[in-house]
Every structure is written in C-alpha cells, then in structure tokens.
Amino acid sequence: MRIYEKDILVILNPFFFVYVDMIDYFIRNKNMTNKNIYEVIIRCQEPQYINILTKKFNIPFDTIDFLLGLKVIIPIEQSWTQGFYTTLDIEICTHCNYRCDYCPVKISPKKPQLMDNKLFAEIIDKANNFPSITTINLNAYNEPLLDPELLDKLNIVSKTKLKIILNTNGSLLNPDKFDAIIKCNAVKTIHINIPSLDEQIYQKKTGTRNFFKTINNINYIIKTKRDVEINLVVLDKNIDKSIKKFYRYYKNNSNVNIIPGIINDRAGLLEGEYSQRLQINDKLVGCNRFINYLSVSVNGDFFICCQDYFQREIFGNIRDGTIENIINGEKSIGLKKKVFGEMESSPDFICRKCDKMRLGQLKVRANKYQILKKQEPDSQNLNTGYSMNLRF
Ligand code: SF4
Ligand code: SF4
C-alpha cells in the first residue's frame, strides 16, 4: 500500500537544504517535472496533508511517492528522528606522536588512554546492525597506530559488513605494520596526512623529525600495489602551490590520490594564523556533518562531531542501547534542533563558531535562491505569500 493513501501530514525534511544537490541530480536523471517538485518543496515548508497536495495543487501521486522515497518530504512525526548516517568515527586512543601546527593536540594534548577491545567490539556490533553505516574511522585527533591492540580491533571489524578508513600521519606505518594491517582485510582506504614534501617545512609543521621515515613508508605502500586506496591528504594553507609539488612527485603512481585537506580553526579553538574568529549570531541552518557522521569517544560517549575536540556536546553513551535508541533519544533530538536552528542555542554553542556552519548558511541561501528561480511564479504563490517565506 502506498503511504499517501492514508492522508498523512508531511513536511519538508528539516535537513533538506543540505541535500538539495542530490535532489537536483535525481530530477535531472529521472526526467521528472521540475515544476511539481519545486511546488512540493515550497508548499511543504509548512505541514501539508497529502490529499491537499494532490487534489488542491494537482501534484501527481508519482511526484509525492518519489519525494517521500527520497526523504525530501517526510511524515511530520519523523521530522527529527531520522538522519543519513553512513560513517562512525571511533576514538580508539586519545594521543598522537605529532604536534601539528594546525591541530588542537599541539595546544592541549590529552592524557593517553586506550579503548578496550570489549567496548570496541560492542560499538562495532551495534554499528554493524545499523543498516546505513558502512564506514569506520578510528580517529578523533589521535594516531591509531599508537594502539598496541590495533590488529585485534581490525580483526573484529573484518567479521562485519563495515570497512575502515585508516587516517594516519604515516610515521608508524612501516612495511611490517602495513602488511599486517592489510592481512586483516578490514581497511579499504588509507589517508596519510602530510603537510609538505619539504623536509624543513614538514618538521616545522608537525614538530617531528619523521619526514624521511614517513616518505619511505609511503613509497613502500605505493610499491606493493595492494588492493587498498591510498590518499595523501595535503594540509597546507598555501594549498595550490603545495599540491602541484605532490602531483609532480607522485605523477607516475596511478594508485595514489592527492587530496587537498581542509584546515579550519576547529570551531574557534586554534589561535594565531589559523584563527577564523567566527561568531554566527543568525539563525543556524544545519550541517551535514551532524547527520552523516557519528562520533564516539574512548569511553563510549557520543559527541557532536569532529570539531568538538574537548567533547563537550555529548548526547548519549553506547552502553545506553542501540545506536537507533541513542540517535532518537531526547538529547540527540535536542542537539539536532539546535544545529538546524529549530531550537535556540547559546552564543557559545560550538556550531556558532564553526566554518562548516558558515559554509552551510551560504549554501542554504544559494539553494533557496536557486529553487526560487526555478519556481515559476503564479498568482497562487503571490496570494499565499510563499514567495515571502523564501526571502533571505
Ligand atoms: S598527526 Fe593528526 S592528530 Fe596528530 S597532531 Fe597532527 S593533525 Fe593532530
Ligand atoms: S557546524 Fe561545525 S560544530 Fe556544528 S555540527 Fe557541523 S561541523 Fe560540527
């Protein structure tokens, strides 16, 4: 039975504007009538009964079906309980052997702590039972290769549907360690963060003398041509110049991708040359990070996101129940409402200092403008004031 045969009340997904690119893609590829889709998007900024949409505004059933399937519109009672979680970040240890210039570890390193394998196994088991999660990162400002039980953890993951992205500075990824990691068959991608191909700059930026050791490790990994994606993530403020050097150096290695990394001030934490001094006082508009990623601390707490170095915005613990229970719990929903501007947040709320929110605001404005332009004006719109609702 089609869901809209019951006359349910639907609303535009509160996360929609973060996903407007996706809907554009589907519209182009499915050859839908854009006008109807935009009509629904605009109408459903306020709750609407499906019968009203189909009968009064002549929206075809197929369009409603398509948009419900994509979660562009959703039954009103599901407004804040859903997400699009694909990735789980797990803090398997709290420390790092580097002190990078652009990282909070340099200004406030944490006391070394390791996640025990029993807790790790519980997290993995619950993530494996959560259908949309496919990817695990072993990070939260740490170096995962410092965990002496890393291989045991990889073996736990290898028995599940999940795949790991190993984010590392590469200094401890020597040939033996790399071969042992690959043998566990849990890692599908390795991201090696590397700020420069210049030894002196590398030393200055990372606070280590590990340049040649790391480059040798990378060269070994490339040479083995194992079935793993290798991404060199270049973290440099002068990214254009720096990235050209990387391309030149690795141009003959088709199994390596060079990726520009993003440096920000971690929601206001970094000072000096990395400081962005953001303070967003407008209504918050949401952030895809919070509905795509989940972050779990070394003691099993769920915290808002990777920008929260001190893990201040906690909304549950893995021992509280299933992942579904936690993300649909009161604390998680309250936090989502704050991030998406449905609920008031204090001036020092982390998202108010974060450049991802700033970029999100610009994107939402651009997307709303784009939708406004695509919506053909008609007398009904003018009469109902919908065009006014979309002003920014
Ligand atoms: S290697 Fe990564 S976690 Fe360690 S200090 Fe550098 S940026 Fe931070
Ligand atoms: S806006 Fe920044 S701090 Fe807030 S959820 Fe997104 S990434 Fe995290």
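Mentor: Begin with valine 10, which stands opposite proline 75 in E3. This is a predicted model, in which local features need pLDDT of at least 70 and side-chain atom pairs count only at pLDDT 80 or more, while totals for chains, interfaces and linings use all residues. Residues are numbered from 1 along each chain as its sequence is written, and chains are lettered from A and ligands numbered from 1 in the order in which they are written.

Strand E1, residues 9-12, is joined to E3 by three bridges, and the two run antiparallel; strands here are DSSP runs of E with at least two residues, numbered from the N terminus, and two of them pair if DSSP finds at least two bridges between them. In general, strands of a sheet pair through backbone hydrogen bonds, either parallel or antiparallel. The whole sheet is open and has three strands in the order E2-E1-E3, with antiparallel pairing. Strand E2 (48-49) and strand E3 (73-75) are the edge strands, each pairing on one side only.

As for confidence, the chain averages a pLDDT of 87, with 89% of the residues scoring at least 70, where pLDDT is the predictor's confidence in each residue, from 0 to 100. Over residues 377-392, however, pLDDT stays under 50, and the model has 10 contacts beyond four places in sequence for these residues, a contact being two C-beta atoms, placed from the backbone, within 7 Å. Where pLDDT is low, the predicted coordinates should not be read in detail.

Conventions. Helices (H or I, at least four residues) and strands (E, at least two) are DSSP runs, numbered from the N terminus.
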